[in-house]
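Okay, thanks everyone, let me put this one up on the screen. I'll go through a charged cluster and then the chain contact.

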Amino acid sequence: MVPNSLKINFVHRQSAHCESGVAANLLSHHGINISESLAFGIGAALFFGYFPFIKINGLPLTTFRGATGQILKRATKGLGVQAKRHRFRDPEKAMNALDRIIGQGIPVGMQTGVYWLPYFPPALRFHFNAHNIVVYGKEGTEYLVSDPVFDEPVVCSRTDLIKARFAQGALAPKGKMYYLTRVPDHVDIAMAIVRGIRDVCKTMLKIPFPLIGVRGIRFLARQIANWPEKLGESRASLNIGHVIRMQEEIGTGGAGFRFIYAAFLQEAAEILGEKRLLNISKRMTEIGDRWREFALFGVRNCKGRALEGNTYPAMADILLDCANQEDKLFRDLADLIS
Amino acid sequence: MRKKNVPQDSGILDRWHEIKYAIDDDGCYVLAPSVGWEPANIANKQAWELISKQLDDVIKRIQAQDLSPLAYYMVKNQMDIRLLAKYVRLSRWRVRRHLNPAAFRRLKTSILERYAKTFNVSTEQLFDVPESSIFDNGPK
C-alpha cells in the first residue's frame, strides 16, 4: 500500500512545451541532465501537420507537434534509456498503478486532457487531450503535479486526475502513463543529437503524405488563400483564429517551436563542435519570426476588421515563405549531418 | 525573437507565465518568462465568444421547449453529441433523445447521475438553466 503522504524529490523546471519539458525533467531526475531544448531536438519534436478531417471544437486540427509520446520515445531510444508505458481501460486500475509506481519513488509522466485539470487558467480550458504532466507524489487525495508549462508545481485531486487521464474525444489519452526504468551509466549525447536531427529532416521533408511537414505547410497556405471564398468571412476568421491558437497558445506553438529548435541547434553546435549549425540556428530564428508575423496578420481577421481588404492571400504568402525557407533549411541540415 | 521583444501582454494566463525562447544581445538563446501575447489573447477571446454565442442560442431553444436543459450543459462543456456520448457511455442516439425535453424529464436517476457526474454538477442542477450566458468559464 502507498502511504497517504508521499513526495518524491523531483525538480520542477518550467519549460515552453509540455512534452519536451516532461522528457527533460524525467531524464534529469534519473541523472541525465539535459535542457528542454536538447530533449526537444533529440526527441525530433519539430513537426507540422494539417488534418482537416480531425476536428477540435468543430474546427480543423493544425498541429505543430508529432504523435504524443514521440518526443520521449525518440529521446529515450536515442540515449539508450529504457522506459515503460501503460494504457488502461479501468480508471481504478490506472490510479492504482500510478500509486504503486510513485510508491517506489519513481516520478510518472502521463497524458491528460487539459479541460479537466483544475489548476489551468479558465481561458485555456478546451478539450485538448495531449497535455503531458508528471506526478511526483500525493497528499491524501491530492496528487502533486509538476506541469512543466507552469511556473511552479501544482496539485490535482484524484477525481480530477481520473477525469483528465480518461478524457474522451480526439487524441484520448486512455490513462496513458510512462516512467523510466533503466538508465545507462554513460550516454552518447552527440550520437542522439545526430539521430534527432536526421529524424526531423525526414518528417519535415520526406513523408509521402501531402498534409505533413513542409508540404503540409504549403497545403495549409493554399487552403487559407481560399478560405474567405469557400467558407465565408466569419467561418474563415474562426478557422484562422484556430490555427493561431494552435500555433501560439501555451505549450503548442509554431513560432515558439522554431525558437526552441534554434536553441537546440546552438547547443548541438557546441556539443558536436560544428560551427555551421550556428548559422542554421540563426536562419531558424528568422523563420520563427516569420511565423509570428503570420499570427499578427491573422488576428486582424479575428477582430473582424481586416485593415487593407482581404489579408488572406498575404497570410498565405507568409506561410509559403516559411515553407520554402524551412524546405531549404532542412535540406542543408540533412546535408550537414550526413 | 530578441529577449527585449518578448511580449508581455497579459490576458489569459491568470497569475502564470509562459516560457519563451529568445536571443540575448550576443545572439545566444535564453529562457524568458512572458505574461502573454496580444495575438494569442485575441484568438483565445474569439474562441470564447463563439462558445458564448452557441450558449445563448441553446438557452433560447430550451426556453422555447425545443431542447432539454441537457443541451445547455453539453454546450457549456464544449461538447457535441458524439463527445458527450463517450463520456456518459451511452449510444449517440440515446443522448440525442435526451436532448428532447419530454424524454429528458422522464429519465431515471441512474442516467441523470451519469450526466451530472460528467458535468460536475448535482442531478437537481441539471434541470436549472440560467436566463442568459453569463459565461463563468471564459476569460476575465
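Quick definition before we start: helices (H or I, at least four residues) and strands (E, at least two) are DSSP runs, numbered from the N terminus. This is a predicted model, where local features need pLDDT of at least 70, side-chain atom pairs count only at pLDDT 80 or more, and totals for chains, interfaces and linings use all residues. Residues are numbered from 1 along each chain as its sequence is written, chains are lettered from A and ligands numbered from 1 in the order in which they are written, and side-chain values use heavy atoms, with hydrogens and water left out.

So, D327(A). You'll find it in helix α11 of chain A, residues 312-337. D327(A) counts as buried because its relative accessibility is 11%; the cut-offs are under 20% for buried, over 50% for exposed, and partly exposed in between, with a 1.4 Å probe and protein chains only. Leaving out residues up to four places away in sequence, D327(A) touches L205(A), V214(A) and R218(A), contact being heavy atoms within 4.5 Å.

Which residue does D327(A) meet in a salt bridge? That's R218(A), at 2.9 Å, N to O. Our rule here is a side-chain nitrogen of Lys or Arg within 4 Å of a carboxyl oxygen of Asp or Glu. The pair links distant parts of the chain, with R218(A) in helix α7 (213-231) and D327(A) in α11, 109 residues apart. R331(A) joins these two in a network of salt bridges.

Over all chains there are 14 salt bridges. Another one pairs E19(A) with R65(A) at 3.2 Å, N to O; here helix α1 (18-29) is linked to strand β3 (59-65) of chain A, the two residues being 46 apart. Both E19(A) and R65(A) are buried.

Now the interface. How many salt bridges cross between chain B and chain A? The rule finds 0. What we do get is 18 residue pairs in polar contact, both at pLDDT 80 or more. That means N or O atoms within 3.5 Å; within protein, one must be able to donate a hydrogen and the other to accept it, and residues adjacent in sequence count only if both atoms are side-chain atoms.

On the chain B side, α1(B) gives the most, with 10 residues. The contact takes 44 residues from chain B and 50 from chain A.
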